[in-house]
Amino acid sequence: MTILIPMRGYNSALTSSIVEAEESDLAIQLIVIDDGIPEKDRSFLLETFPGVDLIRNDGSGLVDALNTGLANSRGRYIARQDSDDLATIGRFDRQYEHLIRHDVDFGWTGYEVAVREEVLERHHSRPLRVNGSGNPFCAGTLMVLRELLTSIGGWGREAFLCEDYDLHFRLLNTCARWGFLEGGWYRYNVRGGSSHVRHGVEMAWYAEQVPNGVFRTWPVSWGQRVGEMRSRASWAKKFSASGFYLEAMEALRGSIPARRS
C-alpha cells in the first residue's frame with residue numbers, strides 16, 4: 001500500500017499519522033508530497049523519518065501534489081491521509097482488511113469533525129444514499145486500487161474547488177464495487193486554513209458578489225457538483241462564530257478575484 005500525504009507546513013498531527021503508518025503490519029510506502037514545505041520542516045522530516053519518501057510537487061496545489069504522489073507510488077492500493085488530520089490507531093490495516101474481505105475496489109471510512117480538539121460532528125455510519133446533493137465522504141479516508149485510480153486519471157485539475165467530490169463520483173461511475181468501514185477511524189481537524197473551509201468561503205464570496213451567477217455558468221456536466229458547492233458555503237459559515245469564516249476570508253484576501261477569471 002502507498003499512503004499519500006500532501007503537505008505545505010508541518011503540523012503535529014503529521015507525526016502521529018506517520019507513526020501510525022509505520023506501525024502498520026502492511027508493507028507501506030509512505031509518500032509525503034512537498035507542496036511548499038519550509039526548509040526547516042523538510043530537514044525535520046528527513047532526519048526524524050528516514051523511511052519516508054519526500055517528493056517535491058511537480059505542479060502547484062493539492063491536486064498536482066496528489067497526482068505527483070500517485071505517479072511515484074508502488075503500492076497496489078492508494079490511501080489518502082491529510083497532514084493536519086488524524087488517523088485512528090489501526091485505520092490503514094482495518095480499512096485494507098475491509099476492502100479485501102468484501103472484495104471491493106475502493107472505499108472510505110467513518111470520520112469525525114473537530115474544531116480545536118472538540119468533536120462537533122460524527123459521521124460513523126455508511127451513507128444511506130449517494131447523490132448530487134452533497135458529498136457524504138471524507139476525502140482523507142479514501143483507499144483505492146492504484147490501477148483503478150490511474151485508469152480514471154487521478155485527481156482532476158478541472159474540478160474547480162471540488163476535486164474530491166469530482167473524484168468520488170468518477171470512481172462511483174466506474175461501477176466498481178465500493179465499501180465503507182463504519183466507525184470513527186479518521187478525525188478531520190477544521191481550521192481557518194482547511195481546504196474545506198477555504199473553498200466554502202470562496203464559494204460564499206462568489207454567491208455574495210454574483211448571486212447564483214457562478215452556478216448558472218457551471219458546465220452542464222458539472223451539475224451534480226453544484227450541491228457540494230452550496231453545501232461547502234453553508235458549512236463554512238456554520239463555523240463563523242468560532243472566527244473561522246473571517247479567518248479564512250482574511251487568508252483568501254486578494255486571491256479570490258483572480259480565481260474568478
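The charged end of Arg-126 sits over the ring of Trp-178, 4.1 Å from its centre; a charge counts as over a ring if NZ of Lys or CZ of Arg is within 6 Å of the ring centre and within 35 degrees of the ring normal. This is a predicted model, in which local features need pLDDT of at least 70 and side-chain atom pairs count only at pLDDT 80 or more, while totals for chains, interfaces and linings use all residues. Residues are numbered from 1 along each chain as its sequence is written, and side-chain values use heavy atoms, with hydrogens and water left out. Happy browsing; the notes below go topic by topic.

**Aromatic rings around Trp-178**

- Six aromatic pairs are counted, where rings of Phe, Tyr and Trp (its six-membered ring) pair if their centres lie within 6.5 Å, with planes under 30 degrees apart called stacked, over 60 edge-to-face and the rest tilted.
- Phe-137 and Trp-178 make an edge-to-face pair, 5.5 Å centre to centre with 80 degrees between the planes.
- Phe-137 lies in the loop between S8 and strand S9 (143-145) and Trp-178 in strand S10 (residues 178-181), so this pair ties together parts that are 41 residues apart in sequence; helices (H or I, at least four residues) and strands (E, at least two) are DSSP runs, numbered from the N terminus.
- Phe-137 is buried, with a relative accessible area of 5%, whereas Trp-178 is partly exposed at 21%; buried means under 20% relative accessible area, exposed over 50%, and partly exposed in between (1.4 Å probe, protein chains only).
- Phe-137 also forms a tilted pair with Phe-180, at 6.4 Å centre to centre and 40 degrees between the planes.
- Phe-180 is buried, with a relative accessible area of 5%.
- Ring pairs join Phe-106, Trp-108, Phe-137, Trp-178 and Phe-180 into a cluster.

**Salt bridges**

- The model has eight salt bridges, each being a side-chain nitrogen of Lys or Arg within 4 Å of a carboxyl oxygen of Asp or Glu.
- Arg-42 and Asp-34 form one of them, with their closest N and O atoms 2.7 Å apart, and both residues are buried.
- A network of salt bridges links Asp-34, Arg-42 and Arg-56.
- Arg-80 forms a salt bridge with Asp-164, the closest N and O atoms being 3.0 Å apart.
- This pair links distant parts of the chain, since Arg-80 is in strand S4 (residues 77-80) and Asp-164 in helix H6 (residues 163-172), 84 residues apart.
- Arg-80 and Asp-164 are both buried.
- Glu-112 and Arg-187 meet through their side chains in a salt bridge of 3.5 Å, N to O.
- Glu-112 lies in strand S7 and Arg-187 in strand S11, so their pair ties together parts that are 75 residues apart in sequence.
- Glu-112 counts as buried at 12% relative accessibility, while Arg-187 counts as partly exposed at 23%.

**The sheet that holds S7 and S11**

- Four strands form an open sheet in the order S5-S11-S7-S8, with mixed pairing; two strands pair if DSSP finds at least two bridges between them.
- Strand S5 (86-87) and strand S8 (118-123) stand at the edges with a single partner strand each, so one side of each is left without a neighbour in the sheet.
- Strand S7 (residues 111-115) and strand S11 (residues 186-190) pair in the parallel sense over four bridges, and Ala-114 stands opposite Asn-189 in S11.

**Helices H6 and H5**

- Nine of the ten residues of H6 are buried, so this helix is largely enclosed by the rest of the structure; among them are Asp-164, Tyr-165, His-168 and Leu-171.
- Leu-148 is found in helix H5 (residues 146-151) and counts as buried at 14% relative accessibility.
- Leaving aside neighbours within four places in sequence, Leu-148 is in contact (heavy atoms within 4.5 Å) with Asp-105, Phe-106, Leu-171, Thr-174 and Ala-176.

**Confidence**

- The protein averages a pLDDT of 76, and 67% of the residues score at least 70; pLDDT is the predictor's confidence in each residue, from 0 to 100.
- Residues 209-226 stay under 50 in pLDDT, and the model has 25 contacts for them beyond four places in sequence.
- Residues 239-261 also stay under 50, with 39 contacts beyond four places in sequence.
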